[in-house]
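The paragraphs below follow one ligand and its surroundings. Please keep the sequence and the model at hand while reading.

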Amino acid sequence: MSTPLIQLRQARRVYHRGAHVVDALAGVDLTIQAGESWSIMGASGSGKSTLLNVLGCLDRLDSGDYCLDGQSLAALDDDGLSAVRLQRFGFIFQSFHLVPQLNVLENIELPLFYARVEPEQARRRAQDLARLVGLAERCSHRPSQLSGGQQQRVAIARALANDPPIVLADEPTGNLDSHTGDQIMDLLFDLAAQGKTLLMVTHNEALAARCRCRLTLHDGQIAGVARD
Amino acid sequence: MTRVPAVVLQALMRDVRLGFDCLLLHGLRSLLTMLGMVFGVASVIAMLAVGEGAGQEALEQIRQLGSDVIVATSVKAVNEEKRRQSVSMLSVYGITYADAQRLQQTLPDLKRLVPLKARREQAQAHGQVQDVRLVGTTADWFALVERPLLAGRRLADLDEQRASLVAVVSEQVARQLLPGTAVIGERIRIGGVYYEVVGVLRSQGQAAGAAKAPDQPDDIYIPLSTFRQRLGDLYMRRMAGSSIRERVELSQLLLQMHSESTVEAAAAALEGMFRRFHKQQDVQLHVPLALLRQAEKTQRTFNLVLGSIAAISLLVGGIGIMNIMLASVTERTREIGIRRAIGARRQEIVRQFLAETVVLSSCGGLIGLLVGLALPWAISRLTGLTTVVTWFSLLLALLISMALGVVFGLYPALRAARLDPIEALRYE
Ligand SMILES: Nc1ncnc2c1ncn2[C@@H]1O[C@H](COP(=O)(O)OP(=O)(O)O)[C@@H](O)[C@H]1O
Ligand SMILES: [Mg+2]
């Protein structure tokens, strides 16, 4: 068997809220192979976002081990984690998180800019991605001039800019009406079909059913894993 | 590898552009923030301009007379003036031949002592009449006041010994009194006596715009001994109703010291001597070196005042910029979170905010530069001080404003970079 893409062992993440101690992740073991699509479900506060943040190197574990491509990330410093985020992960958030003063093209270019891709090359790549998500006509618009669905398309294009192997989506359709949400989901499942590893937090059973693997969290622990 | 500089440049360009966007987005806020920087930079430029101007003015005075020279001039004392008005009687005042001799013998470190008798007279030649300043002096004059000789020779010691009837004229006199002649060898009549012109000098008095210059454009120089013999010390002139009658032995003494360091002591000695031997205050001392010291003092005062204004303005301006950048970091917490989540390293966040601060402070610096050009002009108009704005001062002012952008932008930028990405993303 090949090395798993992602391997979590006894992952713990603890938050202190005043005198309270909250186990956002309370000993999670998880193995994800490259090219799989995962849905993550669970009640609010069950630790879904925390899990995604830890996997995406935005957050650190308090204990346990996280191996990406067989390499432990424990030794990486802040710059090292930034580099991993830049090259290996694409993030898609519930509230889009575009930079308001940049236009569509510039937002898509942002990861290329930090990856020090040449300006003309970055511009061409961003235009290709804008076309891919159906926003070729809106390149010079600011986020505030776009609908929610359009903004989320920009976010998807941006997440794909550096062609990362893993796409993380935290309730990507949570702020969209169901019709627009379906279009966004089609876009994401297209990516999964093209070989990207997709991890997606959702409350929608039907969407979860389209994923090959389904994870359920409860109070920071894995309540169940189902595979097709 | 060769691609890296271009990419870094692009990154910087984008940061700078983003800085301008932010600046324009909060136009009024940015402008108010920049005010401190504007005044600070303007003060720096004004300070340097006054300093440069004072230096040049002092140097111009030194150039005219030399820093090792003291000038003593005979003046009518105030009470003498009153007496003359009440009764039409003889007024006697000024430097005496005895003064000159005493100084020549007793003043230590004296290099040259040039006595001078000067009087307004009418000069005639070839039917032309001209009002001139007739100067009786010695050969030393020409050694001390170095003026270019245009033709002929200067006065010599022999002329003094023989009390020869020779004259050296200034260029202007030669042109107006002896037009179309060879000048040298021509004869000029003054007070019924004929003098042979032996030389022509280029004068610099007045032309250089300085009343401090020892010569005038309408000067005619004859030997001092000749002056005493032919014209004497008594001066009479009838004017409407009353008449001027005065006796002045020497109108001026120029004293040149061997070194600058003894000038001030010599000036003090001179003052003491005149106070002792003259019953009235009828001699005025003029010390170029003291003028230089005065100019330096003025410059120091301006430096202190403008320097304080500059320092305080720049400090306040810098703090204002820091304040606005801290506010900006807080406002844009989410943007910082987004950039970090995408993969921006801390140093890239630092660079972005530093670039913005420097854009802000440099814009303030540029406006300050314009104000800084106007300020010295206004100072010149109001105080009469000479001011000179140099390129160096403009460059320095701009560099200061940029450097302050870095200094005061560093803390907000570091704070932005230290934000936790997740917290920043969640910030409303
Ligand atoms: N920054 C934080 N400080 C304190 N508690 C936190 C923080 N982030 C998350 N938590 C807590 O950790 C638990 C898991 O949160 P989260 O992963 O956001 O849940 P979910 O995304 O499943 O709703 C919750 O109880 C939440 O209150
Ligand atoms: Mg969540």
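How many residues surround ligand 1, and which are the closest? In this predicted model, the ligand is surrounded by 14 residues. The closest are A:R17, A:G45, A:K48, A:S49 and A:T50. Although these five carry the letter of chain A, ligand 1 lies between chains A and B.

The next step is to see which elements supply the shell. The largest share, three residues, comes from helix 1 of chain A. By type, the shell holds six polar residues, four nonpolar ones and four charged ones.

Now turn to individual atoms. An N or O atom in the side chain of A:R17 is 2.4 Å from an oxygen atom of ligand 1. The side chain of A:S49 likewise has an N or O atom 2.7 Å from a ligand oxygen. With A:S46 the backbone is involved: one of its polar backbone atoms is 3.3 Å from an oxygen atom of ligand 1. On its own, ligand 1 has 550 Å² of accessible area, and the protein covers 76% of this.

Where does ligand 1 sit? Its place is in the largest pocket.

How values were computed: Residues numbered from 1 in each chain as written. Chains lettered and ligands numbered in written order. Predicted model: local features only at pLDDT ≥ 70, side-chain atom pairs only at ≥ 80, totals over all residues. Heavy atoms only, no water. Near = heavy atom within 4 Å. Polar contact = N/O pair within 3.5 Å; in protein donor to acceptor, adjacent residues only side chain to side chain. Areas by Shrake-Rupley, 256 points an atom, 1.4 Å probe, with all protein chains shown as cover. 1 Å grid on protein atoms, 1.4 Å probe; cavity = no way out; pocket = protein on both sides within 12 Å on 5 of 7 lines; lining within 4 Å. Sits in = over half its atoms within 2 Å of the grid points. Helix = DSSP H or I, 4+ residues; strand = E, 2+ residues; numbered from the N terminus. Nonpolar A, V, L, I, M, F, W, Y, C, P; charged D, E, K, R; others polar.
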